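Hi everyone, thanks for making time.

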Amino acid sequence: QVQLVESGGGSVQAGGSLRLSCAASGRTFNSYAMGWFRQAPGKEREFAAAITRAGGTTNYADSVKGRFTISRDTTKNTVYLQLNNLKPEDTAVYYCAAVRAYNDKYITSSARSYDYWGQGTQVTVSS
């Protein structure tokens, strides 16, 4: 069982930055690949970024590539999403998610693959 708690959301102007954090409970954090997803009002949840359990490989949605950076700190059981050059269309609730990974290469952008989800944190970008 993994519990995930996001933080770091807020309101910023276009062009601004935020860093989201996702703290994971449990002793097996290193066994999980992690992902960030987002859901805007009236839209389906969409993939933003993912990272392998060892942190060696990352994957991004085209809409955030070059602006967002996912990373993880195994000593703190935390995964981060750095959001730079934010745009109004980035406004959404951001969720982190965990999926059990059986090797260091496993990474997925499919929401259905993830086993555990946080409660979400709101990001609002004004123009």
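Let's begin with a question: does R38 count as buried or exposed? Before I answer, please remember that this is a predicted model. Okay, the answer: R38 counts as buried, because its relative accessibility is 5% and the cut-off for buried is under 20%.

Where do you find R38? Look in strand β4, which covers residues 32–39. One is the side chain of Y94, at 3.0 Å, and another is the side chain of S63, at 3.4 Å. If you skip the neighbours within four places in sequence, R38 is in contact with a whole list of residues, including E44, R45, F68, E89 and V93.

Now on to the rings. How many aromatic pairs does the structure hold? There are six aromatic pairs. I'll pick out F37 with F47, an edge-to-face pair with 5.7 Å from centre to centre and 70° between the planes. F37 belongs to strand β4 and F47 to strand β5, residues 46–51, so this pair ties together parts that are ten residues apart in sequence. Both F37 and F47 are buried.

F37 has another ring partner, Y114: again edge-to-face, at 5.2 Å centre to centre with 80° between the planes. F37 has a relative accessible area of 1%, so F37 is buried. Y114 counts as buried too, because its relative accessibility is 6%.

The charged end of R45 sits over the W117 ring, 4.7 Å from the ring centre. R45 lies over the face of Y95 as well, this time at 3.9 Å from the ring centre.

Next, another arginine: R72, which you'll find in strand β7, residues 68–73. R72 is buried, yet it has no salt bridge. How far away is the nearest side chain of opposite charge? That would be D73, and it is 8.6 Å away. What the R72 side chain does reach is backbone oxygen: that of Y32 at 2.8 Å, and that of F29 at 3.0 Å. Leaving out residues up to four places away in sequence, R72 touches quite a list, among them N30, M34, I51, T52, G55 and V79.

Last stop: V12, in strand β2, residues 10–13. V12 has a relative accessibility of 16%, so V12 counts as buried, given that buried means under 20%. Which residues does V12 touch, not counting those up to four places away in sequence? They are S17, L18, L86, T124, V125 and S126. Finally, compare V12 with D115: they are 103 residues apart in sequence and 31 Å apart in space, C-alpha to C-alpha.

That's my tour, so over to you for questions.

How values were computed
Residues are numbered from 1 along each chain as its sequence is written. Side-chain values use heavy atoms; hydrogens and water are left out. Helices (H or I, at least four residues) and strands (E, at least two) are DSSP runs, numbered from the N terminus. Buried means under 20% relative accessible area, exposed over 50%, partly exposed in between (1.4 Å probe, protein chains only). Contact means heavy atoms within 4.5 Å. A polar contact is a pair of N or O atoms within 3.5 Å; within protein, one must be able to donate a hydrogen and the other to accept it, and residues adjacent in sequence count only if both atoms are side-chain atoms. Rings of Phe, Tyr and Trp (its six-membered ring) pair if their centres lie within 6.5 Å; planes under 30 degrees apart count as stacked, over 60 as edge-to-face and the rest as tilted. A charge sits over a ring if NZ of Lys or CZ of Arg is within 6 Å of the ring centre and within 35 degrees of the ring normal. Lys and Arg count as positive and Asp and Glu as negative; His and the chain ends are not counted. A salt bridge is a side-chain nitrogen of Lys or Arg within 4 Å of a carboxyl oxygen of Asp or Glu.
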